[in-house]
Amino acid sequence: MKIQFKILRQKSNKRPHLQTYNLDVGLSATILDCLNRIKWEQDGTLAFRKNCRNTICGSCSMIINGRSALACKENVGGELKKLRHSRKDTPPTMIIAPLENLPVVKDLVVNMSHFWRKLEAINPYVSIKAHSIPKREFMQTSEERLQLNQSSSCIMCGACYSECNTLKVNSDFVGPHALAKTQRMIVDSRDTATDTRIEAQDIGTRGVWGCTRCHFCNVVCPMGVFPMDQISYIKQKILDRKDSQDSRVIRHRKVLVNLVKQGDGSMSVSLDYLL
Ligand code: SF4
Ligand code: SF4
Ligand code: FES
């Protein structure tokens, strides 16, 4: 089937332009297969990232027909269904562009430094500092391991980061990938830094409160991590802590009121204030 590819090409600091390539491909060909053919058969200067070709490494993330996705996961047939192309006289057109919220190095290759720095900032390693060192490795039960399944499926492809509406206006926001990783650390039974991790995300709009709940990260994530749901999990943890802190204050007040009641009449003036 004849398909027209329009690829946004750019060298850093130069104006981007759309370049057109025509291909005859089968419906089962992935978008990465098509890009490989364009590079090998028509234009060796086209730049894009790839590695595993099997939805494992996260390298081939790019914008395919308007949404961030893995080029090795999406295929021509699936894209045509989404495009609903019905005209018989013109070939369907696929538009391919680099990820957003990250600077372009060349064509479909973006500089991921910000993405990695923000991941590093949340300390994405299990902290065992508070444990005494055991003779054997730290064991987990199956139930404990199950808690990690969803958020640890992240392959760091950057699709969620590219779609994030908050990052378009607030570059301080740590990003859906880093918050999904934070949730993965919080639920890890071996990690001893839970309190620090939760507190760190309760600061201004840099952490979880910066998320506008637009759902885009949930929709595009190719691994079913559902970053926005993981952000909601952290928000709930913060609110639970605040609730328990509040009730501690209330408990403290009640004890104080009782003490005043048991005391002499000279302290009764302050009772209204305490209640
Ligand atoms: S739901 Fe939140 S984190 Fe996810 S893309 Fe939207 S603003 Fe970004
Ligand atoms: S959360 Fe999903 S979209 Fe975001 S980096 Fe991980 S795998 Fe990619
Ligand atoms: S090439 Fe590895 S995820 Fe696409």
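For my residue classes, Ala, Val, Leu, Ile, Met, Phe, Trp, Tyr, Cys and Pro count as nonpolar, Asp, Glu, Lys and Arg as charged, and the others, Gly among them, as polar. With that in hand I opened the model, which is predicted.

**Second largest pocket.** I looked up its lining by class and found 12 nonpolar, 3 polar and 1 charged residues. The pocket's volume is about 170 Å³. Of the 16 lining residues, I noted Arg49, Gly58, Ser59, Met112 and Cys157 as the closest to its centre. Strands β3 and β7 (109-110) are the elements that each give two or more residues here.

**Largest pocket.** Next I went to the largest pocket, at about 280 Å³. It has 14 lining residues, and Ala121, Ile122, Asn123, Ala200 and Gln201 lie nearest its centre. Two or more residues come from each of α3 (113-121) and α8 (194-200), and α8 gives the most, with 3. I counted the classes too: 5 nonpolar, 5 polar and 4 charged.

**Ligand 2.** I then checked who surrounds this ligand, and the list includes Cys154, Cys157, Cys160 and Cys221. Its shell has 11 nonpolar, 1 polar and no charged residues.

**The sheet.** Last, I traced an open, mixed sheet of 5 strands, ordered β2-β1-β5-β3-β4. From one strand to the next the twist averages 35°. Inside the sheet, β1 (residues 2-9) runs parallel to β5 (residues 93-97) over 4 bridges, and Gln4 has Thr93 as its bridge partner. I also saw helix α1 (residues 31-42) packed on the sheet, touching β1, β2, β3 (61-64) and β5. Helix α2 (residues 76-83) packs on it as well, with its direction at about 105° to that of β5.

Conventions. Residues numbered from 1 in each chain as written. Chains lettered and ligands numbered in written order. Predicted model: local features only at pLDDT ≥ 70, side-chain atom pairs only at ≥ 80, totals over all residues. Heavy atoms only, no water. Near = heavy atom within 4 Å. Pairing = 2+ DSSP bridges. Axes fitted to C-alpha atoms, helices over the stretch in contact; angles between N-to-C directions. Contact = heavy atoms within 4.5 Å. 1 Å grid on protein atoms, 1.4 Å probe; cavity = no way out; pocket = protein on both sides within 12 Å on 5 of 7 lines; lining within 4 Å. Points joined across faces, edges and corners; volume = space filled by probe spheres on them.
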